[in-house]
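Opening the notebook on a structure I have not looked at before. I'll jot down what I look up as I go.

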Amino acid sequence: MTIKSLGNPYSDKTDLRHGADCGCDSCLTGHGHDHDHTEPAAMSSEQMMERAVESAVVRSMFGQNDIARRSFMGMLGGTSFAAALASVFPVKQAVANILDDLGPPEKTDLNIGFVPITCATPIIMAQPLGFYDRYGLNAQVIKTAGWAVARDKSLSGEYDASHMLTPMPLAMTMGAGSVAEPYIMPAVENINGQAIVLSNEHLDKRDPSQWKGFTFGVPFEYSMHNFLLRYYVAEFGLDPDVDIQIRVVPPPEMVANLRAGNLDGYLSPDPFNQRAVYEGIGFIHILTKEIWEGHPCCAFAAPLSFATELPNTYGALLKSIIDATQYASNPENRKEISEAIAPTNYLNQPVTVIEQVLTGTYADGLGEVQRVPDRIDFDPFPWQSMGVWILTQMKRWGYIEGEVDYKGIAEQVYLATDARKVMTDLGYEAPTENYRSHTIMGKTFDPDQPEAYVDSFAIKAGD
C-alpha cells in the first residue's frame with residue numbers, strides 16, 4: 001500500500017490527478033507527477049494527514065480540472081491561496097476532529113495479522129468477544145507464523161493492519177531490515193509480559209556472567225526481546241555480539257528448540273515461557289518487568305496509507321483495539337479472556353498455561369508458585385519516549401547508523417495524539433504528556449539526551 005495524492009495541493013508543479021503509484025505513460029516518463037522541491041524530505045504522520053485533508057478540500061473546489069487548479073496557483077501564488085483557505089477552512093481542526101466525527105467505515109471486511117502470543121491478547125480477543133463488531137467491523141484475525149511473515153504480508157497489503165513488535169514500525173518506516181514504508185503505531189498492545197527462560201540443564205548458572213558460549217533465541221531482530229536481552233547481558237559484562245549467540249526463532253518454535261538442545265535459553269513472549277515450565281524442560285530466570293517495569297512489547301500497527309485513505313475504518317479499528325486493551329487491563333476479566341484466546345485458531349494452548357500468564361499466579365520451574373499480578377499488563381498509550389529508547393538501542397547495536405532524528409521518527413510513528421483522543425472519547429484516563437523518563441536496570445533514560453545515552457554504555461557495537 002502506498003500513499004496517494006499527497007503532493008502539495010498549492011503548487012502549480014504537482015498534478016493531483018496522479019497518485020504516488022500512478023503507472024500512466026506521463027508519470028512513467030516523469031512528466032505527469034512533477035514534485036514541488038520546496039516540499040520537506042519527510043513529513044510526520046500528522047502532517048501527512050493534514051496534507052490529505054488539504055488535498056481533498058482543494059480538489060473539491062476545482063473538481064476534476066486539475067489544469068485549472070495549477071493555472072490558478074501559478075497566477076495567485078500557492079502561499080497566498082493557502083493563507084486564504086486557512087482563513088475560511090480550519091484544516092488543523094478538521095484533522096483533529098477526524099477521530100471524533102467518524103462516519104461509517106469505508107471498508108468493513110478487514111484482515112488483521114497476529115502472531116500467536118499473549119501479547120496479542122487485545123487484537124485476538126476483540127474477535128470472539130465482539131469488540132470489532134461493536135464498531136461496525138467484520139475483522140478476521142489471521143494467525144501468522146512469525147514476524148518476518150507478518151511484516152511482509154503487511155507490506156504487500158495482504159493484511160490491512162497487524163499485530164507487530166513495537167520496534168518494527170520504526171524500523172519499517174526507516175527502511176531498516178526492509179523496504180522503507182511509512183508506518184504508524186497508534187496503540188501499544190501490552191506492557192511487560194516477557195521473560196528469560198533457561199534450560200533445566202543450567203539450574204546451576206543463575207549468574208548471567210556464567211553465560212559465555214550460550215545460544216539464546218529471540219523472536220525477531222527488531223524486537224524488545226532482542227534489545228532487552230542485549231541490554232541485560234551487557235550489564236553483566238557480556239558482549240552480546242561476541243560472548244553469546246542470538247538466533248531468531250519464531251515464538252511457537254521456542255519450546256521445541258529448547259527441548260532439542262538447540263537453545264540454552266530464550267527471551268520470548270508468553271505463553272512459551274510458561275509452556276517451558278509446563279513441559280518440565282525450563283525455568284523462568286527473570287521476568288522482563290524486573291529489567292524495565294512497564295516496558296512496551298507488542299503493538300497495533302498499520303501502513304500510514306491505511307489511515308489516510310480509510311480514515312473512518314482506521315478510527316473504528318483503533319477504537320476497537322483500545323477498547324479491548326482497556327478491557328484486558330482489568331484483572332477480573334483475565335480468566336474469561338484466557339478461555340476466549342486458547343482455541344486452536346488463536347493461541348492453541350492449554351487454558352491453564354494462559355491463565356498463569358494473564359493472572360500472574362504461576363509456577364516458576366524452580367519449585368515455587370509466584371504471584372505477580374502485573375506479569376503482563378495492557379496499556380494502549382504509545383509513549384514517544386519509548387520509541388526514542390528503542391531507537392537508541394538500534395543505534396547502540398549497529399542496526400542504524402549516522403545521525404538519527406530520534407524524536408522526529410518517534411513522533412511520526414507513535415501516534416500519541418490519536419491514542420489520547422480515543423482513550424478520552426471512550427472514557428479512559430490518558431496521559432497528558434508524550435514523553436517521560438524511564439528506568440532500565442536502575443539507570444535513568446532521558447529522552448531529551450538520546451546520543452549521550454548511547455555514548456554512556458561501555459559495551460556497544462564496534463567497541
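**Entry 1: the model.** I'm working with a predicted model.

**Entry 2: glutamate 106.** I looked up where glutamate 106 sits: in the loop that links helix H5 (91–96) to strand S1 (109–114).

Entry 3: Leaving out residues up to four places away in sequence, I find glutamate 106 touching Leu310, Pro311, Asn312 and Thr313. With asparagine 312, the glutamate 106 side chain reaches the backbone nitrogen at 3.0 Å. I also checked tyrosine 314: its C-alpha atom is 9.2 Å from that of glutamate 106, though the two residues are 208 apart along the chain.

**Entry 4: the sheet.** Next I traced an open sheet of five strands, in the order S8-S7-S9-S6-S10, and its pairing is mixed. Which strands are at the edges? They are S8 (245–248) and S10 (282–287), each pairing on one side only. Ignoring direction, neighbours in this sheet are turned by 25° against each other on average.

**Entry 5: S7 and S8.** I zoomed in on S7 (residues 215–218), which pairs with S8 in the parallel sense over four bridges. For threonine 215, I noted glutamine 245 in S8 as the bridge partner.

**Entry 6: a helix across the sheet.** Helix H10 (residues 224–235) lies across S6 (194–199), S7, S8, S9 (265–269) and S10. Against S9, I get an angle of about 140° for H10.

Technical notes: Residues numbered from 1 in each chain as written. Predicted model: local features only at pLDDT ≥ 70, side-chain atom pairs only at ≥ 80, totals over all residues. Heavy atoms only, no water. Helix = DSSP H or I, 4+ residues; strand = E, 2+ residues; numbered from the N terminus. Contact = heavy atoms within 4.5 Å. Polar contact = N/O pair within 3.5 Å; in protein donor to acceptor, adjacent residues only side chain to side chain. Pairing = 2+ DSSP bridges. Axes fitted to C-alpha atoms, helices over the stretch in contact; angles between N-to-C directions.
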